[in-house]
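Please consult the sequence and the model while reading.

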Amino acid sequence: MTRQKHLGGLGFRDLELFNLALLARQAWRLLQEPTSLSARILKAAYYPEGTILEAMVGSKPSQIWRAIIEGRDLLKQGIIRRIGNGQTMKIWVDNWIPKEMIPRPITSLVADTPRYVSELMLPATESWNEGVIRQFFLPIDAEAILRIPVCTRNIEDFWAWFPEKKGNFTVSSAYKFLQRTKMQREEWLEGRGGSSSSD
């Protein structure tokens, strides 16, 4: 009871959502600090290939690993890939377009498509290749891509937490994100979700 009152005083009224937000923070640390001791141990045991984002539960997971995967699944809903040089950002897999609903291109207008975001850029002018973008993507996606500022420095692509403007993950923002998602789903199930954001 004391614990619940304490959480309520901090604005965390739903203990289950609060715990899930804490687990998402652990997954965020594994993603951002892949060379830390805990990250290296878990990687060796559960995802020797790839990153925490591609990791599977496995056949004999520990309770801790199951919990981390649960937090990771929440994290995947709220992270977005920020563009550096675009060389590691996968156009059709990564979340990278800041828009409502699916933060990836909806579909391609042609069959043979580029794989990485760097293929959509003009390095010489540090700008988007507008002709290529309009050739491959639907107008709604093309406009959203062209509004993204092109990085003028040669830095690697990186992950950011979309609900926060600065891109830094916080338990508080994750908790609010969960609350909002839960409310939208309840409204939809009750037939009150009239907007596209409730789908």
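A residue is called buried when its relative accessible area is under 20%, exposed when that area is over 50%, and partly exposed in between. The model discussed here is predicted. With a relative accessible area of 38%, Arg134 is therefore partly exposed. Its side chain meets that of Glu143 in a salt bridge, at 2.8 Å from N to O. Salt bridges with shared partners join Glu130, Arg134 and Glu143 into one network. Glu143 also counts as partly exposed, since its relative accessibility is 34%.

How many salt bridges does a search of the whole structure find? The search finds 5. One of the salt bridges is formed by Asp14 and Lys182, whose closest N and O atoms are 3.1 Å apart. This pair links distant parts of the chain, 168 residues apart: Asp14 lies in the loop between helix H1 (2-9) and helix H2 (15-32), while Lys182 belongs to helix H7 (residues 171-189). Lys182 is partly exposed, at 37% relative accessibility.

A further salt bridge brings together the side chains of Asp73 and Arg72, at 2.9 Å from N to O.

Most residues other than glycine have a negative phi. Glu126 is not a glycine, yet its phi is positive, near 50°. Glu126 is located in the loop between strand E2 (121-122) and strand E3 (127-128). Its relative accessible area is 41%, so Glu126 is partly exposed.

How values were computed: Residues numbered from 1 in each chain as written. Predicted model: local features only at pLDDT ≥ 70, side-chain atom pairs only at ≥ 80, totals over all residues. Heavy atoms only, no water. Helix = DSSP H or I, 4+ residues; strand = E, 2+ residues; numbered from the N terminus. Buried < 20%, exposed > 50% of the residue type's maximum accessible area, 1.4 Å probe, protein only. Salt bridge = Lys/Arg side-chain N within 4 Å of Asp/Glu carboxyl O.
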